[in-house]
Amino acid sequence: MSHRRLVVLLLPLLLLLVSGAVWGCYFETNDDLTIVALLRGETAAAPVSDLYLYFHGFAGVWSRLYPTAPLVSWYGLTLYGLLYTATVLAFAVLYRLLRPAAGRWGLVAVLVLFWGVAWLEHGLWFNYVRVPLLLAGAGVLFAAQRAPARGALAIGLLAFGLSWLIRPSAALLGGAAALPGAWWLSGRRSLPVLAGAAAWAMLGGLWLNLTWSPAAATFRRLDVLKSNLNDFQLTAPPPRPLSAADSLGLAAVRQWMLADSAVVNEALFARVAPIRPGYFLWETAPTKLLALLRQLPRDYFPLLLLVAATWALVARRPGGRWFWAVQLGYTGLVLGLGVVLKLPPRLALPLLDFWVISNLIFVFGRQPVPRHAVAVLLAVLVAAAVPYGLKTWHRSIVLAAEQQRNNQTREQLSQLAKRADVVVTDLWEQTYKAGSPFQEVLPSAVGGRNKLTNAPLRVSVIGWQTLHPSQPALRQHLTGSRNFTEALRRLGQRPNVAWLLSPEGAALLNRQLALRQQPGQPLMQLESASANRLTWKNAMHAYQFRVKFLHSSSKAKIL
């Protein structure tokens, strides 16, 4: 096998395997396992085949694969396979770019060090959003570097298309981040892949808008509105005192309890979370900017050092006007995303990766290559590798401890619910953070009703997924009512339901039950289970429903 194939195909695989064995693989957020729970039918009446906002096509395939082989981590294997593909494409670009100046072993040293300080985190601290960003950008660069080769163009468009199916907005961001590098690689010859990606995005967006059901469209709008409030802090305080219903709705949104459409709806956001640009610019943006300026050098100093090194190499060369304009563009993109939206690790590192790669394309893609360019690049990589390696080692230890705690908590929740057919909870999704992409199923002896996991069906009352159209269908399946509050009341009358809630969650559900109580109905409220019923004394809380009759002595029904 040639040196190129060894470096481009086998080196990324070896690095992925070694980093996974040494440092481990962990989910950055709880989003991934929340998606897996929907795909497996753990939090839905049946495996969900359409996630609407992302994984177009993928969700339909996975929802069929999980019933066939439920112990296989289809989600993790697929996405790590695509992460490997993105790495191969990026290494192929860097190989052709650096090979003439660096030589065989110098190139290998650069790639290994680049992996360690700029790429390892993608596999260690995984989130699905990383994949479309990296795959789209690497595919565009690969096709541009080999233009006008049709095979390379096909690979680039396929990579972008798969990225778009995973998450359209992330694919567009990845393509935009790679655009300067693509232009510096081949100029106008890069237009076919750029135009093809743009056409794919426009036609795909049109297809989604034409095929989405009203429920899916509502899900999309509400997802944006809750993100404006909770994630991006784009909203201002309510302009007037709130009614009891609006106060409850705002508290529920801030607690991510979004399931009750009578409480959380588009009209609520218009009343309690208005967007006022002046308030954002003077009150919110400065705080977010300061936090971002602290985050970037603390977490991504190797990438910033590499950017600075490319600046030093370009500084004395003529014809760098457009280079500096692009640097302003990248700076504006990073700061703009961080201040206006947010810049979590799953976005920050891919964007900085493409900033560095594009700058390297400018430095090494033009003749003559600056003297000592390879030596400068290696020196910066070596200088950053030691402190960043220590930081990565510490992060892996912290993530391993967090994973162990969350696994123990989830096992304890399973034991509390072992006799139930249904679990109503706001605690389960909190245990997903730092989970393993390749161990989706925890061994458990619980007797349940889910055919894939042998566990009770879960009615989650917290998280973005409570907005998904599958949740009213789950309530209909379990209780005969799609209405959230009525479904809770009916579940409260059944003996096979476990209520595992935080005090804050139970308090909000009680406010909803009281607000939605109909005339003549008894008041149903959640109360902490008696001490002898509590098995674990930690963040978990077992609750029971009590029915209070308003015109007679109180009766209690413990469920």
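**Figure 1. Accessible surface and overall dimensions of the chain.** The accessible surface comes to about 24400 Å² in this predicted model. Carbon and sulfur atoms contribute 63% of that surface. Of the 559 residues, 55% count as buried. The C-alpha trace spans about 90 × 50 × 45 Å along its principal axes.

**Figure 2. Secondary structure and fold of the chain.** The chain holds 19 helices and 7 strands. Its radius of gyration is 26 Å, close to the 24 Å given by the globule rule for 559 residues, so the chain is as compact as a globular protein of that length. Contacts between residues at least 6 apart in sequence were also sorted by separation. Among these, 77% join residues at least 24 apart.

**Figure 3. A nonpolar surface patch built from leucines.** Leu-6, Leu-9, Leu-10, Leu-13 and Leu-17 make up the patch. The patch covers about 410 Å². Leu-17 belongs to helix α1, which runs over residues 3–23. Is Leu-17 buried or exposed? Its relative accessible area is 55%, so Leu-17 counts as exposed, the cut-off being over 50%.

**Figure 4. Helix α17, a mostly covered helix.** Helix α17 spans residues 470–479. Of its 10 residues, 7 are buried. Gly-480 follows α17. The phi of Gly-480 is positive, near 85°.

Figure 5. Helix α11 takes in residues 244–254. Its buried residues are Asp-246, Leu-248, Gly-249, Leu-250, Ala-252 and Val-253. The cover over these residues includes helices α10 (214–230), α12 (266–272) and α19 (503–515). What follows α11? Trp-256 does, with a positive phi near 65°.

**Figure 6. Residues that follow α17 and α11.** Gly-480 comes after α17 and has a phi near 85°. Trp-256 comes after α11 and has a phi near 65°. Both values are positive. In α11, Val-253 is one of the buried residues.

Definitions and conventions
Residues are numbered from 1 along each chain as its sequence is written. This is a predicted model: local features need pLDDT of at least 70, side-chain atom pairs count only at pLDDT 80 or more; totals for chains, interfaces and linings use all residues. Side-chain values use heavy atoms; hydrogens and water are left out. Patches are made of residues with over 30% relative accessible area and no salt bridge: like charges are joined within 9 Å, nonpolar side chains (Val, Leu, Ile, Met, Phe, Trp, Tyr) within 5 Å. Accessible areas come from the Shrake-Rupley method with a 1.4 Å probe; for residues, only the protein chains shown count as cover. A salt bridge is a side-chain nitrogen of Lys or Arg within 4 Å of a carboxyl oxygen of Asp or Glu. Helices (H or I, at least four residues) and strands (E, at least two) are DSSP runs, numbered from the N terminus. Buried means under 20% relative accessible area, exposed over 50%, partly exposed in between (1.4 Å probe, protein chains only). The radius of gyration is taken over C-alpha atoms; the globule rule is 2.2 Å times the number of residues to the power 0.38. Contact means heavy atoms within 4.5 Å.
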